[in-house]
Amino acid sequence: MTVLLSAQAIVERRSIACGTLAPLAASLRADLAPLLAAGAPWIPPEKAQLSRVGGRCPAHGTLLEFDPWSPRAHRCPDCGTVFHEEEHYRWWIMNYQLWLAERAVHAATLSALTDDAACARLATDILAAYAARYAQYPNRDNVLGPTRPFFSTYLESIWLLQLTVALDLLEAGDGPGALGAEVRERIIRPSAALIASYDEGLSNRQVYNNAALAAAGALLDEPSLLARAVAGPSGLEAHFARGLLADGTWYEGENYHLFAHRGLWYGVTIAEAHGHVLSSEGRRRFREAFATPFATALPDFTFPSRRDSQYRVSLRQWRMAESCELGLARGDDPRLISALAALYRPDDGAGASGRATSTAEAERNTPPVPLTRSSLGWKSLLFARESLPPLGGRVPASVHLAGQGLAVLRRDEARTFVALDYGESGGGHGHPDRLNFWLVVGEARILEDVGTGSYVDPTLHWYRSTLAHNAPLADGRSQWRATGVLTGYDERAGEKAGLVSARASIAPGVTVERTLVVMDDYVIDELRWTADRVITFDVPYHVDAEMANGGRWGSAVLAGGRGLEDGFDFIAGSEHLTGTPGRLFHAQVGDVRVRAWVDCDTPHEWWRCVAPGPPGDRRRRFLLLRSRARSGTARSVWSWKGTVSACAFDPGGISISRGAWERHDHRRDGDAWQVTRVRRSEQTVRRLGGALPACEGTTPRATAESSPSAGADLEPGANAATPSLALPVAAGIVPPLGEVAGSLTTLPATAVSAAAVEVTADAPEHAAPLRFPLGRAHYRRSEATWEDAGAPVATVGLLATPTHVVVEVAVRADTPTFAPALGDNPLDNEHPDINSDGVQLYVGAAQGAGRYYSWILVPEPAPVPAHEPASEAAPARVRVTARAAFGPPLPLEASARLTPDGWVLRAAMPRAALVSGGAGDFTLDLIVNEISPDRARRRGQLVLSGGRDEWIYLRGDRQDAARALPFCLPE
Ligand SMILES: [Zn+2]
Ligand SMILES: [Zn+2]
C-alpha cells in the first residue's frame, strides 16, 4: 500500500497519463526542464525567516516576484525595482524550499507514470540533498510553531507532505531502497515528530499538519500516526465537524477555504486509501466544498474578498481547475461541470499559468489566464477523469450559505450581485464586519468588502476595522467579535422581489437588524438599531458619491475611536453635512450610474472622508451616516439602471416611483415585508419574509477556542458557572510602591491557586490580598519548555481599597529585560511591547452593560549612569498602552520597581468604573511576558488563568475573555 494510491492503481493510470492526459504530462515535464539541465539541486544553508521587510516592495507593499533561479535579486511587479537585501533572500528561501519539494513530486509522478529516468534521478537528488541537510536547520526563533527549515510549522508540513509523496511514488515500482531508509530516518520521522508536537486545533494550518502526519504515518507504516491525523481531537474528522461548516465552506473565509480544502483533499485521499471509513456527513461537506467557491463568485468571476482574503482574486487559475477536476473524479456534480466550462472557456488572453514557479500548496494567487487540461498539476495526472463529460454553463443562481452566514441574491442573469454577510465571525482571520452589504453590477463594485492587503503593512488595521466595511458600528468603535443570526430569507427562482435580513449584537447592549429587499433593478437597505443607552450609530457606505439635492459640505474632523483597529486614524479630508430627510446621492462606478436615496428617522449628519481604497489601489472617498440615538431606523434605496425616478419615505414605508405610470409601495409588516406594485390600474401584492423555517434561524458556528489564532471572543457572562472570588478590602489607601517596605504580595495571605478557584472568607480587618503563585502550570511556551526557560515564576496579588482595585505582580527574573518604546515592530504586526518583560492585563466590568478592557504594561526603569552601581530597588515608570476598550475610558494607574530578585509592578483602577454602586462582580486575567536578553521574540508567558500545554505563537496581546477569573467586590 502506498500513500495516495496503490501501486496497482499507479500502473493503471499509465495508460491515461500516456493517453488523453499525455499533453498534461508533457507540459509538466517542460516545467522541469531547467532543473533537469542544472545538475544537482542547490539547497539553501539558512532557514527561512519572516520579517516585516522581507519579500515585499517597501514602496508598494506588493509581494516581490518569486523566481527560483534568483536568490539574491527580487523584482517588484509594480515598479520593477530589484531588491538585494538579506531579508528578501531569507523570505525567498521559504518559497524556494516549497517549490523544490513540489518539483520532487512532479518528477516522481512523471517517473512513476512515464518511466522517465531523468525525472527519477531529479526526485532522488532532491530527496538525498534534503536528507543530508534537514537536521542542520535550527529549530528556534520561529513565528508559528516549531520547525527547522521554515518559521512556521505548517510550512514544514507542506514541505514534508511533498517529500513523502515524492518518495512514495519513486518507490512505487521497486519498493524501498537505501535512499528510502535514509529519507525516512533523517527527514520523515524527525519532521513528523516535530509536527506532531504542535497542535493548531481548528486552524487552516492544522489541515496541513494532519495531511503531513497522515502521509508520514502511511509511509512509515505507523497506523497510530495516521489514526491521529484522521480521528484525533484536531484531526480530519474534527475539521469536518467544526472547521468545514455544514454548507461546505471553511469558517475562515474564501482564501482559507481554498487553502484548507486542498489540504483536506490529501487527508481524505490518504485516509480512504488506507481503509479509514470517514463519516458520511464529513464526506458530504468535503464534496460540497469543491463547489462552494463558485457558488459565491462575483460577476467578474473573482471570489468575494471577505475577511483576510486577497482582493479581487480570479477563480480562473489552474489550481481552481485542478480542484474541480479532483471533485469530478469523486463523482458527478453539475456545478463543477459548469465551473469547468467557465474555466476552460476559450479566451483571447494569454499568459503563463504560474505553475512552473508554484510553491506547493502555499497560497499564492496569479492573474487569470486561459486554461486547458494541460494547465493542471501532478494530482490531475494521477486522479483526473480520463475524459470530461460535455461542459455546459449555467447561469449562477442566488445562494444562501447558512453555515457561513452569507446570502447572495442575483438578478439580471447573474450580472447583479447583492449580498448580506451576517453570520460566522471567522476566527482570527475574521473582520468585525457583520451585516456587511454588497452591491456589485457587472464590473462595477458599488459596495463590497476589499479583504486584507499585507499582514505586515499598517493598513492591515484599516482593513480589519468595521469602518472599512459597509457595516454598522457603535460609538466609533469597531464591532466586537460577534456572530449574526438570520431573521429572514425569501428568495424564489423567477421572482423579481427577494428579501434577506439578519440581526447582530455589534457592541455591548447594541443590537442591529439589517434587511435587504432586492428587486430587479434596485435594492432597499433598512437598518434598525436598539441600544440600552444613547449611542453614536455610524453606517459607512464605501462609494464615492456626490450630493444631488441641496446642501454644502463643510470641512470638519470626524471623531471616532482611537483603537488600533477602529479605523478612524486612517481617514483624512473629512467633510460634514447636516442630515435632511430623503437625501439623494449619485455616483459613477465604472460604467454604472448609481443613485441612492437615504432617510434616517433620528437626528443625523452625513460625512464624506478619504481612506485607503482596496489593497494596492489609491485612497478614495466614502460616505458615512452618523446618528445619535437609543434606537432608530436608517433606510436607503439604491438604483443602478435609471429606472427609479423618485423615492418618498414615510414612517410606515417607502414609495418608489418608476416614471409616471408605475409605483412600488414597500411596507414593513412585523417580521414581513409587503411590496405592492401599482401600474396604471393594475395592482399586485407580494409578501416577503415572515417566520423562518426552524433550521434557518440559527447559525452553526465554528468554535475556535483551540485555535491559537482566534482572538478574544467577547461573550459577556461567560464565567457565570464559576463562583466569584470575594476580593478583600483594605481599610485605607494602599501606599504607593517603593514608599513602604512591603508590598501586597509580601503581606501574609491565604494562598489561592488559580487552578482551584473557590470563595474564600477573608477577614476584612487583615486586608490580606488574594495571592496567586504562577509557575509551571501557568506557563505558555515557545520552543523552550518551562524548565528550559529557567523555571520562571511570579506572584499576583489582588486587593480592594474603598476606592480602587489594586493588582500587583512580583516577577522573579535574573536579568529583567524591558524593551524600549518602539513605534514599530520590525518582526511582525503585533504590538512591539509584547516582546519584552512586562504584563498584559484584561478586565471585564459589569458596570451597566458589559465592558471589557486590556492593556500592555512595560516598566521603564530610569537609566543608570555608567559610573554608578545599579540600584536594586530603583522605582520605574510604566509604559501603559491601552488595547481593547469596550466602554467609557477606564483610567489605569501603574508603577513598578526593580527588586533584588526581579521586578514588581502595581496597577490600580477605580472601583466605580468596574461595578455599579462600588460592589458586584468583575473578571480579571493577567499575563506576564518573559524574554531573555538574547531573543528578539518573547520566550514565554505566565498566565493567571492557566497556560499549561499552550504555546505563545500568534497570540499577540490577545487573550480569550471567557477564561478570565471572576471576582466579587463586597460592599
Ligand atoms: Zn514596487
Ligand atoms: Zn473585510
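Buried means under 20% relative accessible area, exposed over 50% and partly exposed in between, with a 1.4 Å probe and protein chains only. The legends below concern a predicted model, in which local features need pLDDT of at least 70, side-chain atom pairs count only at pLDDT 80 or more, and totals for chains, interfaces and linings use all residues. Residues are numbered from 1 along each chain as its sequence is written, chains are lettered from A and ligands numbered from 1 in the order in which they are written, and side-chain values use heavy atoms, without hydrogens and water.

**View 1. Leu-435, a buried residue with positive phi.** Leu-435 sits in the loop between β7 and β8. Helices (H or I, at least four residues) and strands (E, at least two) are DSSP runs, numbered from the N terminus. The relative accessible area of Leu-435 is 0%, so the residue is buried. Its phi is about 70 degrees, although Leu-435 is not a glycine. Most residues other than glycine have a negative phi.

**View 2. Asp-115, an exposed residue with positive phi.** Asp-115 lies in the loop between α3 (86–114) and α4 (117–133). Its phi is near 55 degrees. Relative accessibility is 54%, so Asp-115 counts as exposed.

**View 3. The zinc ion (ligand 2) and its protein donors.** Donors are N, O and S atoms within 2.8 Å of the metal (3.2 Å for Na, K and Ca); water is not among the atoms, so sites may look incomplete. Along the chain, the donors follow the spacing H-x17-D-x19-H. His-431 is in the loop between β7 (416–421) and β8 (436–441), and Asp-449 is in the loop between β9 (444–447) and α15 (460–463), so the pair ties together parts 18 residues apart in sequence. His-431 is buried at 4%, and Asp-449 is buried at 1%.

**View 4. An open sheet of five strands.** The order is β5-β6-β7-β8-β9, with antiparallel pairing. Two strands pair if DSSP finds at least two bridges between them. β5 (399–401) and β9 stand at the edges with a single partner strand each, so one side of each has no neighbour in the sheet. Strand β6 (residues 406–411) pairs with β7 over six bridges. Leu-406 has Asp-421 in β7 as its bridge partner.
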